[in-house]
Amino acid sequence: KNISFSLDLQKKKRQQNKVELHDATVHLKQLQKNRLKGNGGDNGEEAFITVEPTKFKRLGEKTTLRSDLATALDIRGFQRITRFNHCDVDQIKKEISENDIPVSYSGGGVPEKSIRKASLEEILCRLLSFLKPETFVGAVKAINQKILSVLDESESGRVDVGMFFAVIAPICGGPPDKRKRFAYEALLWRPVNEGSNQIRKTDAQRYIKLLRAIYIPSHGTSEMLEIHGDTDTSLVSLAEFLVMFDDPDWGFGIMSTLLKLEIGDRNRHGSHVCATCRYPIIGPRFKEMKSHFSLCGQCYSEGKVPPSYKQEAYKFKEYANEAEALKDKCLWFGLHSKGSSPTAA
């Protein structure tokens, strides 16, 4: 059964690669046809214009904010490099239970389970054992740049393992609730919380702010300054932690947008091509409701629109797949026919 499953998986991957190769070929032909040069097209015409965020309006709450999508795409890119989304949080739980990490003390005398970066690399090697050597090297480099540079701000060469596990939990594999719960458990495993069934509020706050500093760096620096010297000794339950985590403004509410990408960023939209990059749209499609052009997620997040559609404002509706778009069309035709029947009569 395992062999059969493996063969099926390999077959699906080959088919997927063929489809993506076809898309790339079509895209290159389109670019050649339009003879685009940088941000220019034929006769010096711009291929796109970049619009300020305030001019991008959303039709319906389901349409992702441009800034949120940009952040989520960046995190999704990091997931793809590290392949953390293929590492289920259960594997990290197993790593914690099977490997005893001794308690050490930081410069401030705070007990923590910290290890040297070389030892952390050994843990990563076990968690990401499915990666090829060259891919693993790239993953470790990305982890160093994005995560360890923040966690080891003092450049001591050591990493708080519990905090590291908690930080990667939201982007690992598994249901979202399971990821969040494990983040809480990883914090609970740290010596400052050990022996309790709740974590310190200051620890939860520090975690959230580290999470934002790592994955939403534009908000990180000023927030990180606030976490030093807090003497609050109150505790936080799992339910309270989840409220803090899901807060869209001060927590990691961006995870909901990331989940949308995880589920649908390989969805195809038939023959729809992005109006600015000319690439077949894969993932969310953003349709401008006045001029009826469509953008891919990347161009939407960057505020790019075709130069021929200069408007005071652009109102977009997001479609996760063509079924949603078809449903909208059916509703429109239904309303249109009802509205026109009295006139026709």
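Phe-286 stands opposite Glu-318 in strand S14. This is a predicted model, in which local features need pLDDT of at least 70, side-chain atom pairs count only at pLDDT 80 or more, and totals for chains, interfaces and linings use all residues. Residues are numbered from 1 along each chain as its sequence is written, and side-chain values use heavy atoms, with hydrogens and water left out.

**The sheet**

- Strand S11 (residues 285–288) and strand S14 (residues 314–319) pair in the antiparallel sense over four bridges; pairing requires that DSSP finds at least two bridges between two strands.
- Strands here are DSSP runs of E with at least two residues, and helices are runs of H or I with at least four, numbered from the N terminus.
- An open sheet is formed by four strands in the order S2-S14-S11-S12, with mixed pairing.
- At the edges are strand S2 (56–58) and strand S12 (294–296), each pairing on one side only.

**The helix pair**

- Helix H5 (residues 133–151) and helix H6 (residues 161–168) have axes that come within 11 Å and cross at roughly 130 degrees; axes are lines fitted to C-alpha atoms, for helices over the stretch in contact, and angles run from 0 to 180 degrees between N-to-C directions.
- That angle makes H5 oblique to H6 (under 35 degrees counts as roughly parallel, over 145 as roughly antiparallel, 65 to 115 as roughly perpendicular and the rest as oblique).
- Ile-143, Ile-147, Leu-148 and Leu-151 of H5 make the contact with Met-163, Phe-164, Val-167 and Ile-168 of H6, where contact means heavy atoms within 4.5 Å.
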